[in-house]
Every structure is written in C-alpha cells, then in structure tokens.
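User: I am new to this structure. Please show me how to read its main features.

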Amino acid sequence: MRKFNFIPYILSAAIFIGLEIAALSMLRNSGELQKIWIARVAHGAMKGVWGSGQKISDYFSLAESNSALAEENHELLLRIQHLEEILREHGNLSEPTPRNTKRFRFTNASIVKISTNLQHNYFIIDKGKNDGIVNGSGVITPNGAIGIVDAVSDNYSYVISFQNHNMNITARIGKDGRHGPMSWDGMRSNGAILKEIPHHLEIVPGDTIYTSGFSSIFPADIPLGTIRKASIVNGATYDINVTLFEDFGAIRYVTVVENIGDKEIRQLEDR
Amino acid sequence: MRRTYFGISFFLLVIVQMILCNYFQFTPLLTLSILPAMILCVPLSIGTPICMIIAFATGLSVDLFAEGIIGLNTAAILPVAFGRRTLMSIFLGEDLVARGDRFSFRKNGIEKISAALAISYAVFFIFYIALDGAGIRPFWFNVIRFLFSMLLSMILGMITVSSLTHEERK
C-alpha cells in the first residue's frame, strides 16, 4: 500500500493561497468595481466565520442561559402571586386573575427524560418529594397543560404526558364557552380531540381552547391550542380537532402546579 | 530539446493570448483564452508549486500587456494550475502523472484530454467571469458568457494542446 504524504499537498495549498491572495490584491487595486466586490466578499466571509464562531459559543452556553431564565421566570411567577395576594387583600384587584394563584402553588422543573413516539408517553422531571411535589399535580408550560404527576421519588417525578391515551384534560372553547374532555388524537404530535361539545353551537376554526379550571389539577384559562376542524359524531355532539400550541419534541422546562385547596375540596365532597 | 521547444512554444502562445485579448474582443459575452490549455500542457514532471508560479507569471504577463485589469487572468488561472495534477490523474491515470510522462491526443485519446480541458476551462471561466463581473452583471449574462466563451475557447484550446504536445505526432 502506497504511503500517503500530506506535506506536498499542504505546501501546494499554501503556495496557492499565497499566490491567489497576491492576484486578488492586484485585482483589487486595479478596478474600482473589483475593489468594492472583493471587499464585500471578504467582509461576508469574515462575518460568516466570526458569526459561526459566536453561534457555536452561544449554542454551548444555551443550557446555562435557559436554566437562568427558567429560574428567573419562576421567581417572577412567585412575585406576581405575592403581589396579587396583597392587591386582593386591599381590594384593588377587582377581577380574578387568569390563574387563581391562591389555589395553586408553582414549582419550576426541568425534564430529564421524555418519550414522544409511543402511544403511552411519559416524562420524568428533576423535582420530587424533597421539592414538595405531590402525586396528582399538573404540569404546565406557557403553551399548555402537558401532563399529570403520577409517581414521585425523593428527587424525581414520573409524569404521564398529555400524549398518552390514558389522559384527559377538561378544556373549553374560548374563555367562557362550552367545555368537554380533551385528549391526544394519537396520530399527530400536536393534535388533540375535544369531545362532547353540543352540536347546536357554532364552531369557528381558529378559536382558542383553554383549560376549563373545573378540574382540581390545572388552573383555568391556560391556552392549549386552536380549533382545526369539527365533525358531528352520532348526530349528537361535535368532535373538535385541535392543533396544540405545545411542541412536545422541544419541551425542556416546565412548571408543576399543585392545587393547595384540593384536599379541602375533596373533604367537602366526601361529606 | 523537448523542454526548449516547449518553452519557445509556450512563450509564443503567451503572445498569442495577448493578441487574443487585445484584438479579438467582439462582444462582452465572449472571452477567448488559451491559458487553461497552456497550463494543462505544462509537463507533468513539473510539480504543482512550480506550475502555479508559471501560471502566476503567465497570467500576470497577459494582464500587464493586454487586459487592463491587472490580476484578473492571474487569479483565474491559478486554480487550474493548482488542480492540474489531480485532474490529469482522474482522466489520464495516476501512473502517467506519477511517472511524469507526456500526453497527447494520439497516445491518450481525444475524449480524455478534452474532458480534462473542459473542466480546466470551466474552472478558469467561473473565476474569470465572476471576478470580471464583480457581482454587478445579471446571472443570465454570466451564464451566456460562460457558455459562449467555453465553446469557442475549447476549440482554440484543442489546437493549443495539439501544438504543445507535438512530439507524440512523429
């Protein structure tokens, strides 16, 4: 086998680059158009090289930035909750806030493992009993309700994903429309079906679907998705196809919501 | 003797190229050049670095005495000189290049040499037209110029190759 010698190639390439630069320099000084064009191409190349370097650097620091942002987001959420409570005590908050923060406690978490291509998907978050997570808590993001905590260990929690046939969310059309159970359609990553909507209602594609707030798991008025199309089932109710806002393939940070008043409500129901 | 003949022929062809540049500019859509053919015919016993220096000197001479835009032919012909041995290895075989043998239409076939010549011209004209246009000419203009120039210059290039590899015709 012939031994490959790189040195002549490197030498040739170096001479080529040197001579080409010399030729282009002469060309640059010879014509005004060429001068402008070569300068533009050179600047473009430099921008590309330095820009790519910066992008790579930014990419590797993304995890750090995201963690810091998630922390900051959580802090802001807590501060809003605190301020709303103060305002409510002084009677200055006339309307209920979109999320009834008196009923819910929020804890931010990161997803450490997620499945998205099964029929019964799940994910695991990095917060557990030690962080105050309890079974049955909801998991949300700014783009929707994405799961329910099903099992909790000291430091981690197992969450049943919305992309799971065993999971339903009570959702409603608009902020004051009719509500019904919504579940994953099992086919598209961002597809869901809202069922049991009376057929006499006018369904407008593009309308937003929100959490109803009637379940003890999720706060009200979290936007979930928009209506794609509706079809009448058995001549009685609509099955509404919903396009979800959340991209399950890109979720990294979530918020766990615990209903503080849940125990009290259940006790009341048991009487 | 061979080298002396080649040297004299090469020098005369440089003058021919200068004449082509000065007196055969019929339209902006056509550029006639024999430089790629000349560089392709530099004996394979001469290594790439020396060939690139020859190409640089030849291109610069043409630029200085003919074109008016100094550096244009020089910048366009250097990639041809840089890729010459690789190109010849692909079309004429690695052994011929390793031995530094001479080549000719009769010995190696018109198709193989024409293919190598066509690629050399394509590389040359891509650089030449891009640098000459300096980004201000429309794409279609550059494409038509490339095709016209390739077609007519290839004919001149074949004659050039034939004259520079004359010994094989004995």
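This is a predicted model: local features need pLDDT of at least 70, side-chain atom pairs count only at pLDDT 80 or more; totals for chains, interfaces and linings use all residues.

Analyst: Residues are numbered from 1 along each chain as its sequence is written, while chains are lettered from A and ligands numbered from 1 in the order in which they are written.

User: How many helices and strands does the secondary structure of chain B come to?

Analyst: Helices (H or I, at least four residues) and strands (E, at least two) are DSSP runs, numbered from the N terminus. Chain B has eight helices and zero strands. Of its 170 residues, 38% are buried; a residue is buried if 20 or more other C-beta atoms, placed from the backbone, lie within 10 Å of its own.

User: At what angle do helix α4 and helix α7 of chain B pack?

Analyst: Two packed helices are described by the angle between their axes and the distance between the axes. Axes are lines fitted to C-alpha atoms, for helices over the stretch in contact, and angles run from 0 to 180 degrees between N-to-C directions. Here α4 (residues 72-92) and α7 (residues 110-133) of chain B pack at about 155°, with their axes 9 Å apart. That makes α4(B) roughly antiparallel to α7(B), a term for angles over 145 degrees. Their crossing is right-handed, meaning that the near helix is turned clockwise from the far one by less than a right angle.

User: Which residues of α4(B) and α7(B) meet?

Analyst: Two residues are in contact if their C-beta atoms, placed from the backbone, lie within 7 Å. On α4(B) they include B:Leu72, B:Ala75 and B:Phe91, and on α7(B) they include B:Ile119, B:Val123 and B:Asp132. The residues of this contact divide into 18 nonpolar, two polar and two charged. Ala, Val, Leu, Ile, Met, Phe, Trp, Tyr, Cys and Pro count as nonpolar, Asp, Glu, Lys and Arg as charged, and the others, Gly among them, as polar.

User: How many residues does the contact take from chain B and from chain A?

Analyst: Chain B gives 16 residues and chain A gives 15 residues. On the chain B side, the elements that give two or more residues are α3 (48-67) and α4. The most come from α4(B), with five residues. The chain B side divides into twelve nonpolar, four polar and no charged residues.

User: How far apart are the axes of helix α1 of chain A and α4(B)?

Analyst: The axes of α1(A) (residues 7-30) and α4(B) are 8 Å apart, and the angle is about 165°. The two helices are therefore roughly antiparallel to each other. Residues that meet there include A:Phe16, A:Glu20 and A:Leu27 in α1(A), with B:Leu72, B:Ala75 and B:Phe82 among those in α4(B). This contact divides into ten nonpolar, two polar and one charged.

User: In what order do the six strands of chain A close into a barrel?

Analyst: Strands of a sheet pair through backbone hydrogen bonds, either parallel or antiparallel. In chain A the order is β1-β2-β5-β4-β3-β12, with antiparallel pairing; two strands pair if DSSP finds at least two bridges between them. The twist averages 45° from one strand to the next.

User: Over how many bridges does β12(A) pair with β1(A), and over how many with β3(A)?

Analyst: β1(A) and β12(A) pair over seven bridges, and A:Ala109 stands opposite A:Val254 in β12(A). Strand β3 (residues 138-141) pairs with β12 (residues 253-259) in chain A over three bridges. There, A:Gly138 has A:Val257 as its bridge partner, and A:Val139 stands opposite A:Val256.

Notes: Angles under 35 degrees count as roughly parallel, over 145 as roughly antiparallel, 65 to 115 as roughly perpendicular and the rest as oblique. A residue is buried if 20 or more other C-beta atoms lie within 10 Å of its own, exposed if 12 or fewer, and partly exposed in between; C-beta atoms are placed from the backbone.
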